[in-house]
Amino acid sequence: MAADSFRDYLQLLVADDALVSFDEPVSWDLEASAITMLANRTDGEVPLFESVGATDSDAALVGDPYRGPRSRPWDRFAQSFGLSAGLSGAAYYDAIIDRLRSPCEPRLLEPERAPCKDVVHTGADVDLLSFPWPYVHRSDGGRYSNLHTIVAPDPETEWGRWSSHRMMIHDDALASLLFLAGEQVPNRYYYEYEPRGEPMPVAAVVGAEPAVQCSTEMWIPTGRSEAAFAGGLKDRPVDLVACETNDLSVPATAELVIEGHVLPNERLDEGPFGDYFGYMNGPRRSMPVFAVDAITHRAEPRVPFCVEGTGVGYGQNSSSTLQTAAAGPDATLGLQAAGFDVDAAVPWRFTSRTVWVIAMDRSYPGVLHELANFVFTTWGMLHIDFFVFVDSTVDAHDPRAVLTAIALNADPDTDFHQFGVERMPKVPLNIYQTPDEKGSADVGTSKAKTAKAYIDATSDRPLEDDAETESLRARAQQLLVDAGVSPEPFELLEQRQYGGGDRR
Amino acid sequence: MIPFAQYLRGLDGDDDLLTLAADELADIPPDIVAAEALRASGPAIRYDRADGVDLASGVFSGPDGMQRRDAQPWSRLALGLGLDPDGSFVSVLETIMGLGPAGQTDGPTYDTQAASRTVDSVQALGLPQGADDVWPALTLGMASIATADGTYWAPIHGFIVGDETFRVRTPAALAALLDGNETISIALGVPPAALMTAYLLAVTDHVAVPIQACGVADDVPLVPTNGGLVPSATEVVIETTVADHQPDFQSDRREAWEYCLESTPLALSVERVIATDEPVVPFSPVGRPLADDLQLTGVATAATLYHRVNNYWGISPVEWVLLPAEAELGICVVATDVLYAGFEWQLANILFTFSSLFDTIIIVDEDVAPTDLGRVLGDIWVKAHPSRDWIFSDASAPAAQRPRYRQDGQTGSRLYVNAAWDPRWEDSYIAPRVTFETSFPPAVREAARTAWRTRHDGDAAGGDHDRQ
């Protein structure tokens, strides 16, 4: 069953016994987040909080709905796009890349056909605080929406630019947006709209369908739109609808849409927040102000949120899964399109934004440097600190195989390459710089610069053809599954089913 | 002391042993099956066979540390050493060290030999032939020789190359002890404590210490053989004589202990084979990920390093040392209290002094659990500054033994990654971790646990692994 809306996706979870409902009142004030953290830690079901205490809202909260199973984080997105569950990482990437090669333009619906217009609030009727935005960690600077799509204008595309920036709620009509210069939408604000003294129209789309959420995480080429790639992902058009108060179009099946504009030369406090590094980061800083003009939503909207900081180490959450399941295939395709003979570009499972693994053959001397240089100066500029290059014969989705390649192949003397030592920009979310080094630069990057590095963990020896061994391995895997071992870890068995086997 | 067969029953009782019948294997080589079970972090496997001895694989290895699991890579070994499999990693390390050279022992105890049945020939054992092997292979063996000063144990592995002929590799230090005595006993299916001792003596280059002077003698009852003393509970004993000290033996197969000390080939002639009534012996898929010999070498080395660094400064700042089999012993991880600025440099470099296995060390804070390799594999990238905390030595260090690079003797750099907080930083600089404990006040934690527990009766901790 493919999912054309967030509700479809939740139904898919229900069908998979992967969703657990809480009917009793649960507070947005840390409690929903605490339960979600337990779910994330145990690889448990996605929690749906039907009755959120301390609000008058009929909205429900959904904790980390896009978190995938630890063994195959991409599995639920695969099902959302009509692909089989149980694909190996490589097979999933191949299938997604195939879809991304065929973008599909969106379809514009009349407002009356758009579920996200079930209820429309504009002007004085707008009340951001009527929704149960969660207070996620007790040291956070405030309540957050952090699993949404920010839609912003882009003169190059009809459908605007989609991206993700956490949003701290301030009052009934104001929020602050974490805009870090270097990313496309913030750049447009800092270097075009704000210098002109012009507010930038934006919409925050909460509870969008899976294809939209995935394409939001992607770095789409200039002149192309995320909307078309979202259509490619699900192999049919994404339905959009015009906003009430500006010229933007937003996904029509979304649970909730917040329309507004980012004010020029205005700032509000933002942070600290426990973010994707798994640590609280600060200091509290000033960020651009999102002034709300309208809120539209479905009846009884489902509001997803992410417990950031739990997607590191062994943990998975929505953002780490989105990196693996969406950003990875997109980057693989992007690097291939840029002329690099890349087999796979996969976020490192244990800290998915900081380190990426690239499986490729060294087609010419210096190719690793060229690729690292390309990414560190473009989409990987702010967040990615490290690349690990492995041979194309190494499964980049298998962190043990990658760790082995680092341990055995990466010579500290010659294979660790530091880039632009103390000359590179960096997001202030990092924890290895002191507060003084992070500073409070106006455009959101750290005051002090940093370095990037890549590790050449490719082998210096010619690779052996192990087709015969692979055939034997597949037979051995089948033998073990037949004997009762769970099929989940076996990458050579196609179309594995969940729950098979009775051991581990 | 736990005999090997009893140990397997323990694994079975813990639902951690899968038994495969010979006909299920068809023509799939056992080492392939063993390796796939290990890759999948599956159970140990017993191969029930009508012809030859029963085999067991994965019994000294375990699930990998790449996911959060109830069992650890060393849990099976802990069970084999008579410890609580869910006990602390450090207790495993300390128990292993207790098996080695000891200042004073009570002296060995003796028992009757469990292996009392004579086997017609070594071929009749039906030792497994791997996918890449020409001959049946012997792995995870324990060699025993005797001199006037006592019995000496060491790991041994090799192939059965003729009706009654072995080509084996064993530590050169053991071969040097033969000194005219040409008899070696090979013990298969020894108690885990005995095999662990053989590995410990090898990786610490203490092969020349007699067993009578080791802690293992207090724990494992022994019995004499033509070679030397072996555990009385040994499943199979192969008594041999050295046919050739310098055989033409081209195999490049190496068990992992051979990265720690020099080994030498020997050709052995079989004199006698004795076995228990229903013998079962372990084997390792040598050279494949997470193989048993790799795990044994890693744990033995970790135990040694833990002991040495914590006995060096008069205090014990190091919480644990780990050489993950997942990194093929090419990386050493150490959790420590960083006593003062520069201590991390001192610690890393003393570890390089005490082991030549690795060129790369990761230092993490003392509160990181050895069961949380996932945190280590996150912290090295997010806590360590990409330029300031990845510290390379000058390029004059010899290459480590385990990695594949620089095997031509060229010198190069070593690396340590400091993923521990800098003791010079003010407390306010230290970013708190996002954990269940730090993110929520007690009342919220309790409410969340209660809510989660009501839907998950089996998870007594309410999913909060910090409490376990």
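**Note on a predicted two-chain model**

1. In chain A, strand β5 runs parallel to strand β20 (residues 302-305), and the two pair over four bridges. Within this pairing, L61(A) stands opposite V303(A) of β20(A). The model is a predicted one, and the points below should be read with that in mind.

2. Strand β5(A) also pairs with strand β3 (residues 46-49) of chain A, here in the antiparallel sense and over two bridges. The bridge partner of F49(A) in β5(A) is L61(A). As a reminder, strands of a sheet pair through backbone hydrogen bonds, either parallel or antiparallel.

3. Is β5(A), residues 60-63, covered or uncovered on its faces? Both faces are covered. A60(A) and V62(A) lie on one side, L61(A) and G63(A) lie on the other, and all four are buried.

4. L240(A) is found opposite P251(A) of β15(A).

5. Chain B has its own strand β14, covering residues 318-322, and this one is mostly covered, with five of its five residues buried. Strand β14(B) pairs with strand β15 (residues 331-336) of chain B in the antiparallel sense, over four bridges. Opposite W320(B) stands A335(B), a residue of β15(B). When reading the numbering, keep the chain letter in view.

6. Turning to helices, α5 (residues 89-99) of chain B packs against α9(B) at an angle of about 90°, with the axes 9 Å apart. Angles of 65 to 115 degrees count as roughly perpendicular, and α5(B) and α9(B) are therefore roughly perpendicular to each other. On the α5(B) side the contact is made by V92(B), L93(B), I96(B) and M97(B); on the α9(B) side it is made by V299(B), A300(B), A302(B), A303(B), Y306(B) and H307(B). By class, these residues divide into nine nonpolar, one polar and no charged.

7. Helix α9 (residues 292-310) of chain B also packs with helix α10 (residues 343-354) of chain B, at an angle of about 125° and with axes 11 Å apart. The helices α9(B) and α10(B) are therefore oblique to each other. Their crossing is right-handed. From α9(B), the residues L305(B), R308(B) and V309(B) meet L347(B), I350(B), L351(B) and F354(B) of α10(B). This contact of α9(B) with α10(B) has six nonpolar, no polar and one charged residues.

8. How many residues of chain B are in contact with chain A? There are 73 in chain B, and they touch 72 residues of chain A. The chain B elements that give two or more residues to this side are β1 (17-21), α3 (30-39), α11 (373-382), β17 (390-392), α12 (436-439) and α13 (442-453). The residues on the side of chain B that touches chain A divide into 37 nonpolar, 16 polar and 20 charged.

Notes:
Residues numbered from 1 in each chain as written. Chains lettered and ligands numbered in written order. Predicted model: local features only at pLDDT ≥ 70, side-chain atom pairs only at ≥ 80, totals over all residues. Axes fitted to C-alpha atoms, helices over the stretch in contact; angles between N-to-C directions. Parallel < 35°, antiparallel > 145°, perpendicular 65-115°, else oblique. Left-handed = near helix turned anticlockwise from the far one by under 90°. Contact = placed C-beta atoms within 7 Å. Nonpolar A, V, L, I, M, F, W, Y, C, P; charged D, E, K, R; others polar. Buried ≥ 20, exposed ≤ 12 C-beta atoms within 10 Å, placed from the backbone. Pairing = 2+ DSSP bridges.
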